[in-house]
Amino acid sequence: MTPAPPELILRPLSGAGELGLFLRLSYVLDHELAEDLAAGRRRPAWMWVALRGERVVARIAWWTQPGGAEPLLLDFFDLDDTLPEPERTETGLRLLEAATAAVVPAGAVRPEYARFVPADWRDDPVARDGVEARTRVMEASGARILVERLRLEWRAGTPVPEDSGRLVFRQVVDREDLLALMTPVMEGTLDAHGQKDLASGMSARQAAERQYEEEITGQKSPREWWRVAELPSGEPVGFVLPARNNYHPMIGYIGVLPEHRGHGYIDDILAEGTRVLAARGVERIRAATDLGNVPMARSFARLGYVNFERAIDMVWD
C-alpha cells in the first residue's frame, strides 16, 4: 500500500536564516535575495513556502522599496515542476491565496505580478510549460495578463552613435519641468501600464504623476543625468531618464511628444541617454519596452540593445 504524502504546510520564513530553505527552488533573481533582505526590500514574513515534509513544492515572495511598509510587487512565484497536474496548480493556488491573505492588507488591490521568462519561452517546451503553469495559477485567482515586455541590454563595447546635431539636450530643471513633458507623452501611449491608468479614469496629468511618484522617485541616481531634448529653436521634443535602480544602470523612461513622433527623434534621444551612462564606464545598461510598442523596440535594436529576456506582467482588477 502506497503511503499518503505528507501534509501540505504553508508558512512564511521564520527569519533570514531560512533563506536556504527558500532557495531550494530556483529563479533568475535568486542572487538578489540576500541583499534585498539586508536592505529592507524584502521581509521574511513576505516570503512563503509550501512544504511536504522537507520538500519545498512552491514558494512566493513580494518586494518593496527599501523600508517600504507595504509590498509593491509580487515577483517570486515558483512551483516544483515535477509535480503532476492538477496537483501542481492546486498547490500553487493554495500557497498564493494563503500568503496573499497574510501579506496584502485587507481591502488593498493585490500588487502586480511580474515574471521574467526566456526570450524564446514559447519555442522551448520546458520553459513554456513552466510559464503556463504559473499563469494558470494566477488566472485561477482572478488575475489577467496585462502585457508581455521585452527586456533589453546594451553591453560595453557596443558602438554608440555620435550626436547627430538635430536636437539640443539640457538637464531637467525640476519635477514640474519633467511632468509638463510626461503629461502629453501619455497621449496615444503604447505603454500598457499607461493605457491601464488612463482607462481607469485618470487624466493624462494624473497618470504622469503616478508614474513619477511610483517609478521615478525610487531611482538611485543623480537627477543631473536626466535630459530634455529640444529643437535648436528651444521647442521641446522629448526626454530620456538615464538612471540606476537598486540593481542596474538603466533607461528609466523615454518619450517623444505626440507632435514630434514619426521623425526618428527617438533614436537621437535614446542615443543621448545611452551616452550619458556609457560615459560612466558601465558594463551594461538595462531597459524594457512592451512587446506591442514596435517603434520603441526597433529603436533599441538599432542602438545595439539585445533582447535577453521577456517579462510577463499580470494584474488583479
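In which loop is Asp-191 found? Asp-191 is found in the loop that joins α5 (175–185) to α6 (192–199). The structure is a predicted model, in which local features need pLDDT of at least 70 and side-chain atom pairs count only at pLDDT 80 or more, whereas totals for chains, interfaces and linings use all residues. Residues are numbered from 1 along each chain as its sequence is written, and side-chain values use heavy atoms, with hydrogens and water left out.

View 1. Helices (H or I, at least four residues) and strands (E, at least two) are DSSP runs, numbered from the N terminus. Asp-191 has a relative accessible area of 19% and is therefore buried (buried means under 20% relative accessible area, exposed over 50%, partly exposed in between, with a 1.4 Å probe and protein chains only). Not counting residues up to four places away in sequence, Asp-191 touches Arg-149, Gln-211 and Asp-290; contact means heavy atoms within 4.5 Å. His-248 lies 57 residues from Asp-191 in sequence, and their C-alpha atoms are 22 Å apart.

**View 2. Packing of helix α3 against helix α4.** The axes of α3 (residues 87–103) and α4 (residues 125–140) are 9 Å apart, at an angle of about 50 degrees. Axes are lines fitted to C-alpha atoms, for helices over the stretch in contact, and angles run from 0 to 180 degrees between N-to-C directions. The two helices are therefore oblique to each other (under 35 degrees counts as roughly parallel, over 145 as roughly antiparallel, 65 to 115 as roughly perpendicular and the rest as oblique). The contact involves Arg-88, Thr-89, Gly-92, Leu-93 and Leu-96 from α3, together with Asp-129, Ala-133, Arg-136, Val-137, Met-138 and Ala-140 from α4. By class, 6 of the residues in this contact are nonpolar, 2 polar and 3 charged (Ala, Val, Leu, Ile, Met, Phe, Trp, Tyr, Cys and Pro count as nonpolar, Asp, Glu, Lys and Arg as charged, and the others, Gly among them, as polar).

**View 3. The cis peptide bond between Glu-85 and Pro-86.** Omega for this bond is about 5 degrees. Pro-86 belongs to the loop between β4 (73–79) and α3.

**View 4. Arg-122 in the loop between β5 (112–118) and α4.** Arg-122 is partly exposed, at 41% relative accessibility. Leaving aside neighbours within four places in sequence, Arg-122 is in contact with Arg-128, Glu-148 and Arg-310. Between the C-alpha atoms of Arg-122 and Glu-132, 10 residues apart along the chain, the separation is 9.7 Å.

**View 5. Helices α8 and α9 at their crossing.** The axes of α8 (residues 265–278) and α9 (residues 294–302) come within 10 Å and cross at roughly 55 degrees, which makes α8 oblique to α9. Ile-266, Asp-267 and Leu-270 of α8 meet Met-296, Ser-299, Phe-300 and Arg-302 of α9. This contact comprises 4 nonpolar, 1 polar and 2 charged residues.

**View 6. Phe-308 in strand β12 (residues 306–316).** With a relative accessible area of 24%, Phe-308 is partly exposed. Apart from residues up to four places away in sequence, Phe-308 touches Ala-119, Arg-151, Leu-152, Glu-153, Arg-155 and Arg-286. Val-28 is 280 residues from Phe-308 along the chain, and their C-alpha atoms are separated by 12 Å.
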